[in-house]
Amino acid sequence: MLKGKVAVVTGGSRGLGEAIAYKLASMGAEIAIVDIGDPAKAQPVCDKCKEHNQGKAKAYQCDVSDFQAVKETVAQIKADFGTVHILVNNAGITRDGLAAMMKEEDFDQVLAVNLKGAFNMIRHCAGLLIRNREGCIINIASVAGLMGNAGQCNYAASKAGLIGLTKTIAKELAPKGVRCNAIAPGFIATDMTGDQTENPLLKMIPLGKMGEAADVAEAAGYLAVAKYVTGDVLRVDGGIAM
Ligand code: NAP
């Protein structure tokens, strides 16, 4: 379904990004992983993507919050893969704390990675997507951006901002044939969420359990090919934000 397409996945060396990379590769896409860590760490993920797509997969070290570094990384991806058809803005961080006590740098850092990072990637990939007159952007937001979450004012603001960014980009790029959607995961078991067995919020999930990375990857696979869907926010949350 995605044979001949090139997908860029930020934060693709583990967690949701890793699962999304496998899903898109299994649909035939070539995969460029953009991650802040050592590319050697992402090599096993690239190897597995290549088993899935029987094609290319490569990792790039880049801090998505750095405008110039993103520009150079996208130029390198263009040189290696020729173009970009699918961009998944998944890289994200948390620096939790109550607003009344939060350090300025913790607020700024979360906004810089989660929101400006997505803008930086879109800013530098948009020309390639537009030139193809097709393609899609998938931004990994969060139910925190829909509902708010005590202790996460920085994170919730970044994810709510990402939803506003998604809808605006969807409107700007629709005439060029490029779609933009967001996924709002709820509680998904990854390194970011850690051990949540005692979290009282789990009892509020109508489906009664945490989600798996593969559940979010399924949604990304759907949005990658949903050719009449743009500007949407797809919740993958067991119903918690219903
Ligand atoms: P994770 O396990 O912590 O993985 C985050 C990934 O992002 C890692 O590969 C990390 O690289 C990379 N990264 C961090 N800062 C970066 C930067 N400045 N530039 C480039 N890459 C960077 O997180 P996750 O649980 O998979 O979450 C992925 C996304 O889903 C995030 O945007 C998160 O907010 C969102 N989300 C997650 C959940 C959940 O329950 N897990 C729920 C809602 C939304 P390193 O490995 O090198 O640190």
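In this predicted model, the chain's confidence is lowest in helix α2 (residues 39-53), with a mean of 97, and highest in α6, with 99. The score in question is pLDDT, the predictor's confidence in each residue on a scale from 0 to 100. Across the chain the average pLDDT is 97, and 100% of the residues score at least 70. Helices (H or I, at least four residues) and strands (E, at least two) are DSSP runs, numbered from the N terminus.

Because this is a predicted model, local features need pLDDT of at least 70 and side-chain atom pairs count only at pLDDT 80 or more, while totals for chains, interfaces and linings use all residues. Residues are numbered from 1 along each chain as its sequence is written, and side-chain values use heavy atoms, with hydrogens and water left out.

Rolling a probe the size of a water molecule over the atoms shows where empty space is left. On a 1 Å grid over the protein atoms alone, a cavity is a set of points where a 1.4 Å probe fits but cannot get out, whereas a pocket is an open set with protein on both sides within 12 Å along at least five of seven lines; lining residues have an atom within 4 Å of a point. Grid points are joined across faces, edges and corners, and a volume is the space filled by probe spheres set on the points.

| Space | Volume |
|---|---|
| Largest pocket | about 1,100 Å³ |
| Second largest pocket | about 210 Å³ |
| Largest cavity | about 60 Å³ |

The largest pocket is lined by 48 residues, and Gly92, Ile93, Thr94, Tyr155 and Met192 lie nearest its centre. At least two lining residues come from each of α1 (15-26), β2 (30-35), α4 (104-132), α5 (144-147) and α6 (153-173), with α1 giving the most, three residues. By class, this lining holds 22 nonpolar, 18 polar and eight charged residues, where Ala, Val, Leu, Ile, Met, Phe, Trp, Tyr, Cys and Pro count as nonpolar, Asp, Glu, Lys and Arg as charged, and the others, Gly among them, as polar.

Among the residues lining the largest cavity are Thr10, Asn89, Asn90 and Lys159. Both α4 and α6 give two or more residues to this lining, and the largest share, four residues, comes from α4.
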